[in-house]
Amino acid sequence: MSKSWLPLKDETLRSFCTAFAATITPVPATYGLAASDATSLNGAVTSYSDALAVTAEPSTRTRVSVAAKDMSKLSLIALMRNLYKKVNAANLAADKREALGLPIADVEPTPIPAPAMKPGISILKRDENIVSLQLFDPSDPNTRARPLGVSGAAIFSFVGEEAPNTEVGWKFEGNTTRMRIDVSFPAAVTPGSKIWLTAFFFNPRAQSGPAATPVSTYLPGGAAMAA
């Protein structure tokens, strides 16, 4: 978990730690802590509050008093982070964490839905029987990163004049986590052949989204090769 649970500004830190100490002191075991933890925290809060009060007055705010306040603050923060580890280890119920002012653990993460978008496909280059392609999010075509919630893509190819309009006929080329991919066609495929490529994104649970609109090109060589 992030350390953002603990406010670090002087006055908000004092208020947070004072409330935390007041909650655990009557029954520290309820929160996975010992009586000695409560005693240590109350002492640290008192020391910090006193040091903070000294620096709040212009007449007593000096370089020495500010340094003392900062040292007291660091000690309090270190103690709070240690207590936080103990509280986390105790696996407290949500209501007890809320009473301490701590974030409630997300024990049931929201599932990532299947991708809703079709991948965009750009043909980058052709080198003998290797075709390099770039996948992209059509809603943000300038970025080369995978879209949010997408773990990878499945790539398919077809050799022929017209792309199949069903799943039948497409050859599975493999899954990839990269957005730039090289697809190798067998040496037996005639140079100049028209080839088609399509793909779909999938999420961390291997749920797939819609297939991309197929794109075509020609393998280098042969009279039928298109520019």
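Is D37 buried or exposed? D37 is buried, with a relative accessible area of 9%. Buried here means under 20% relative accessible area, exposed over 50%, and partly exposed in between, with a 1.4 Å probe and protein chains only.

Some ground rules. This is a predicted model, where local features need pLDDT of at least 70, side-chain atom pairs count only at pLDDT 80 or more, and totals for chains, interfaces and linings use all residues. Residues are numbered from 1 along each chain as its sequence is written, and side-chain values use heavy atoms, with hydrogens and water left out.

Back to D37. Its side chain meets that of K86 in a salt bridge, 2.9 Å from N to O. D37 lies in helix α2 and K86 in helix α3, so the pair ties together parts that are 49 residues apart in sequence. A salt bridge is a side-chain nitrogen of Lys or Arg within 4 Å of a carboxyl oxygen of Asp or Glu. Helices are DSSP runs of H or I, at least four residues, and strands are runs of E, at least two, both numbered from the N terminus. K86 is partly exposed, at 33% relative accessible area.

K86 has another neighbour, G32. That glycine is found in the loop between α1 (10–24) and α2 (35–56). G32 and K86 are 54 residues apart in sequence, yet 6.5 Å apart in space, C-alpha to C-alpha. Leaving aside residues up to four places away in sequence, G32 touches K86, A90 and L92. Contact means heavy atoms within 4.5 Å. G32 itself is partly exposed, with a relative accessible area of 35%.

How many salt bridges does a search of the whole structure find? Five. One of them joins D10 and K73, with the closest N and O atoms 2.9 Å apart. That pair links distant parts of the chain: D10 sits in α1, K73 in α3 (residues 63–89), 63 residues apart. D10 is partly exposed at 23%. K73 counts as buried, at 16% relative accessibility.

Next pair: D70 and K69. Their side chains meet in a salt bridge at 3.0 Å, N to O. Salt bridges that share partners join D10, K69, D70 and K73 into one network.

Now α1. This helix has 15 residues and reaches 21 Å from its first C-alpha to its last. That is close to the 21 Å expected at 1.5 Å a residue; the expected span is 1.5 Å times one less than the number of residues. Which residues of α1 are buried? L13, F16, C17, F20, A21 and I24. They cover an arc of only 130° around the axis, which puts them on the same side of α1. The arc is that of the directions from the helix axis to the C-beta atoms. An α-helix has 3.6 residues a turn, so residues three or four places apart point the same way. What covers the buried residues of α1 includes α2 and α3.

Last, the sheet. It is open, with three strands in the order β1-β2-β5 and antiparallel pairing. β1 (120–127) and β5 (180–184) stand at the edges, each with a single partner strand, so one side of each is left without a neighbour in the sheet. Two strands pair if DSSP finds at least two bridges between them. Seven bridges join β1 to β2 (residues 130–136). In that pairing, I123 stands opposite L133 in β2.
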